[in-house]
Amino acid sequence: MGLAPFKTVVNGKDITPIIREFFVSLTINDEAGLESDNFELVLADDGKIAFPKADANMQIYTGKDIEHLVFRGSFTVNSVKLRSPDKQIVISGDAANLGGSFKTQRDFTWQSTNLKSLVETIASRNGFTPAVSGKYENVMIDHYVQAGQSDADLVTELAKEHGATMKIADKKLVFFERGDNQSVSGKTLPPVPVHITDETEAEIELKGSGNVKAVEAFWQAVEQGQKRMVRVGEDTGKVKKLSKIFPNEEAARAAAEAVLYQEQRSDYVLTLDDFPFILGVQAERNILVSGHARKEFNTEWMCSKVTEVLGTDGHTLSGEFVIPKQNVGDIPRLG
């Protein structure tokens with residue numbers, strides 16, 4: 001099959017011609033959330049090849065042909081290992097350097113702002129380029145005390161409350177609605193076709209039967225001096241109640257909707273192992289499955305994480321996929 005095309009650039013220098021003859025494998029893990037993308041590059045060690053220092057910047061490109069390589073990420077090298085007796089160099093790193101000010105505890109009071117502006121401010125003051133969905137401009141934050149809380153923890157908490165995905169990649173802080181298969185600009189992306197064949201190992205795990213039918217959240221009505229409740233989901237059935245008291249009805253509803261979707265989407269998990277590389281399969285992007293023996297599962301699935309492996313014997317993907325938000329009501333339930 002031969003080695004698939006790739007390109008690696010370290011601190012601005014293309015080292016692909018240097019490492020090609022020593023190449024063993026390249027693995028890239030793409031996952032939504034604060035768990036940043038990471039890579040592992042394995043090279044044969046002849047005792048002479050130089051390897052990048054820790055904190056070096058490595059840009060990686062892969063694809064189906066050398067003329068159409070796709071940028072897979074900008075990574076910070078954080079580990080170099082020398083394996084024996086295999087005589088290999090293992091270079092690994094993350095797409096996000098989450099140290100420094102982003103993980104430092106802060107005391108700060110947010111007043112009369114919106115979620116989009118808050119996340120953009122956090123991104124800018126930590127040296128990231130903000131990429132925030134425009135829908136969060138309408139989510140008002142009247143008052144929030146950030147007491148002894150790092151910016152990383154704050155933005156992660158807000159992402160969970162508002163059903164968003166927060167990710168640090170390529171020096172960008174990305175914050176957009178989870179499960180909607182949209183770009184940051186709000187454009188709906190077409191699903192990537194994935195056909196299951198006899199050579200693809202596919203498994204659908206049925207984890208539940210939709211036990212949680214509704215979620216209730218509470219918010220503080222300041223003027224009335226009392227708690228109010230919002231409920232999302234069905235009118236009957238098992239209810240999950242959130243313990244946190246939210247500052248307003250909008251925040252409470254957003255949190256309840258986010259938790260309900262998280263409960264519903266975990267009922268089924270599709271796992272695909274070692275299928276041929278397909279351009280466009282990435283975390284938070286939908287795929288359109290065909291070829292499954294049960295037709296009800298030949299539908300759209302959202303990629304929660306994917307691993308790309310490039311070796312001398314092929315170029316493959318393995319991933320986990322869940323039901324996207326727009327299809328939650330259509331998933332078959334266990335009887």
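Guide: Helices (H or I, at least four residues) and strands (E, at least two) are DSSP runs, numbered from the N terminus. In this structure, Asn114 has its place in strand 8, residues 105-114. Residues are numbered from 1 along each chain as its sequence is written. This is a predicted model, in which local features need pLDDT of at least 70 and side-chain atom pairs count only at pLDDT 80 or more, while totals for chains, interfaces and linings use all residues; side-chain values use heavy atoms, with hydrogens and water left out.

Visitor: Is Asn114 buried or exposed?

Guide: Buried means under 20% relative accessible area, exposed over 50%, and partly exposed in between (1.4 Å probe, protein chains only). Asn114 counts as buried, at 11% relative accessibility.

Visitor: Which residues does Asn114 touch, not counting those up to four places away in sequence?

Guide: Contact means heavy atoms within 4.5 Å. With that exclusion, Asn114 touches Tyr136, Glu137, Val139, Met140 and Ile141. A polar contact is a pair of N or O atoms within 3.5 Å; within protein, one must be able to donate a hydrogen and the other to accept it, and residues adjacent in sequence count only if both atoms are side-chain atoms. Here a polar atom of the Asn114 side chain lies 3.1 Å from the backbone nitrogen of Lys116.

Visitor: How are strand pairings read?

Guide: Strands of a sheet pair through backbone hydrogen bonds, either parallel or antiparallel. Two strands pair if DSSP finds at least two bridges between them. Strand 3 (residues 23-31) and strand 4 (residues 38-44) run antiparallel and are joined by six bridges, with Leu26 opposite Leu41. Strand 4 is also joined to strand 7 (residues 88-94), antiparallel, by seven bridges; there Ala44 has Gln88 as its bridge partner.

Visitor: In what order do the strands of the open sheet of three stand?

Guide: The order is 16-15-17, with mixed pairing. Strand 16 (226-233) and strand 17 (238-246) are at the edges with a single partner strand each, so one side of each is left without a neighbour in the sheet. Axes are lines fitted to C-alpha atoms, for helices over the stretch in contact, and angles run from 0 to 180 degrees between N-to-C directions. With direction ignored, neighbouring strands of this sheet are turned by 25° against each other on average. Strand 15 (residues 212-221) and strand 16 run antiparallel, joined by eight bridges, and Glu216 stands opposite Arg231. Helix 4 (residues 249-265) lies across strands 15, 16 and 17, running at about 160° to strand 15.

Visitor: With which residue does the side chain of Lys240 make a polar contact?

Guide: Lys240, in strand 17, makes a side-chain polar contact of 2.9 Å with Glu263. Lys240 is partly exposed, with a relative accessible area of 34%. Beyond neighbours within four places in sequence, its contacts include Val212, Ala214 and Val259.

Visitor: How does one read a residue such as Asp30?

Guide: The approach is again to take location, burial and contacts in turn. Asp30 is in strand 3 and, at 7% relative accessibility, counts as buried. Its side chain is joined to that of Lys167 by a polar contact of 2.6 Å. Asp30 and Gly319 are 289 residues apart in sequence, yet their C-alpha atoms are 9.3 Å apart in space.

Visitor: How many residues of helix 3 are buried?

Guide: Eight of the 11 residues in helix 3 (residues 151-161) are buried, among them Leu154, Val155 and Leu158. Just after helix 3, Gly163 takes a positive phi of about 65°.
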